[in-house]
Amino acid sequence: MDTAAIAGNTAWLLTAVVAVALMLPGLAMFYGGMVSRRVTMNMMMMIFASFCLVGILWVAFGYSMVFGDSLGGLGLVGDPTEYPGLGQLLVAPEGSTLPPLALAALHLMFAGLTIGIVAGAAAGRMKFSAWMVFAGVWSTLVYFPVAHWVFAFDSADGSVQGGWLANTIGSIDYAGSTAIHVNSGVAALALAIVLGKRNGFPSQPKAHSLPLTLLGAGLLFVGWIGFDGSALGAADNNAAVAVFNTVAATCAGVIVWLVVEKLRDGHPTTLGACSGAIAALVAITPSCGAVTPLGSLAIGAAAAVVCYFAVSLKVRLGFDDALDVTALHFVGGVVGGLLIGVLAVPLAPSGGEGLLAGGGFLLLGKQALAIVAVFVYTFSITWVLAKVLDKTMGIRVSAETEAQGLDVVLHAENAYEISTHEALAPRGHAEPKVPAVVD
């Protein structure tokens, strides 16, 4: 590869890192706007603080567990002692076409955002201290191994062994939905079951700021383009296919969700549009490099319909996934993963042959196996971890704290300070007198 091509790929990869970094405030805004204003800052802090914690673990041993040589050649987890501290990545190895720390930075973002997605299931009722312990241990025991299964490919010379799903099974996951969305959605389900229902469930507090949620969804959309477009690390036609399919699927997801919402509930809503976008983005993540643009529209539409109906399952089944992480991320990931087995075409970057392309049921079976494997492993480990933490340090706040709001009790702050009294104005600055606002 010539110097200009290497420089172009590096520039695109670093640009993608910046785009994906926008997903951190995007997720915080998306979730923060959906909850009561009494728990807004707690929700945002769960996302921001756990991201930073996982970043530390990533440098210490997480990168090694994902991209290190598979222990025993089993494809289950990378050697955690292979790249401690990442000092070896300061200099690119001979023949490398991308700076290794650029790839490490991109995957740090993936790891930190994945645990942030799980936080939505625990909104309004989990101890912050317990959440931070959960985030660190879950990332170590669940995310890093599963990411190794999906992202770590065998080296060309066979000297480094990667994950079993990517290499032994050969399932297609272009941008890592199995490790990120299916994984986080299953974890959200297990955590929600152990945590129990919020007071008053199934009644839920209304989203306190839909503009904040819409802005967050917009930032997530921007980041997702970098997320999917950088999956193969090159600024080429493959990246263009992934980017276009990502945008097309999102458009279909929004419109179809609004249509279904209008027909079922009588009103197309802002929250529905945001939910349709996220459902479609989740579904197109594994398939953006496997299908045609028409196929991406079908995947976005299918995800919107299936995820819309999946949202109601938490009430019917009696588990309280506060922000519908399971319905959007797990179910959306299942839709996108399985439809690869139906709609994949050999001309696409992933090169698979789905059912409609004459490939038979083989690819569909591989996709289903990958999803089932992640479900069984992640649900089991997450449920046990949450149970152990509950029995030791306790994971649920008191009923009084939940009623009063986690922001003021756990963090001694509020998202919004509204005062009709100059003496109570924040930081000593007088505010204009305004009518009292009832929360």
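This is a predicted model: local features need pLDDT of at least 70, side-chain atom pairs count only at pLDDT 80 or more; totals for chains, interfaces and linings use all residues.

Visitor: How far does α1 reach from its first C-alpha to its last?
Guide: Helices are DSSP runs of H or I with at least four residues, numbered from the N terminus. Helix α1 covers residues 3-21, which is 19 residues. The expected span is 1.5 Å times one less than the number of residues. For α1 the expected value is 27 Å, and the reach is close to it, at 27 Å.

Visitor: Which residues of α1 are buried?
Guide: Buried means under 20% relative accessible area, with a 1.4 Å probe and protein chains only. What covers such residues of α1 includes α2, α4 and α8. The buried residues are N9, T10, L13, A16, V17, A19 and V20.

Visitor: Which residues of α8 does α1 meet?
Guide: Contact means heavy atoms within 4.5 Å. From α1, the residues taking part are W12, A16, A19 and V20. Their partners in α8 are V222, G223, G226, F227 and G229.

Visitor: Is α7 parallel, antiparallel, perpendicular or oblique to α13?
Guide: The axes, lines fitted to C-alpha atoms over the stretch in contact, with angles from 0 to 180 degrees between N-to-C directions, cross at roughly 140° for α7 and α13. Under 35 degrees counts as roughly parallel, over 145 as roughly antiparallel, 65 to 115 as roughly perpendicular and the rest as oblique. Therefore α7 is, relative to α13, oblique.

Conventions
Residues are numbered from 1 along each chain as its sequence is written. Side-chain values use heavy atoms; hydrogens and water are left out. Helices (H or I, at least four residues) and strands (E, at least two) are DSSP runs, numbered from the N terminus. Buried means under 20% relative accessible area, exposed over 50%, partly exposed in between (1.4 Å probe, protein chains only).
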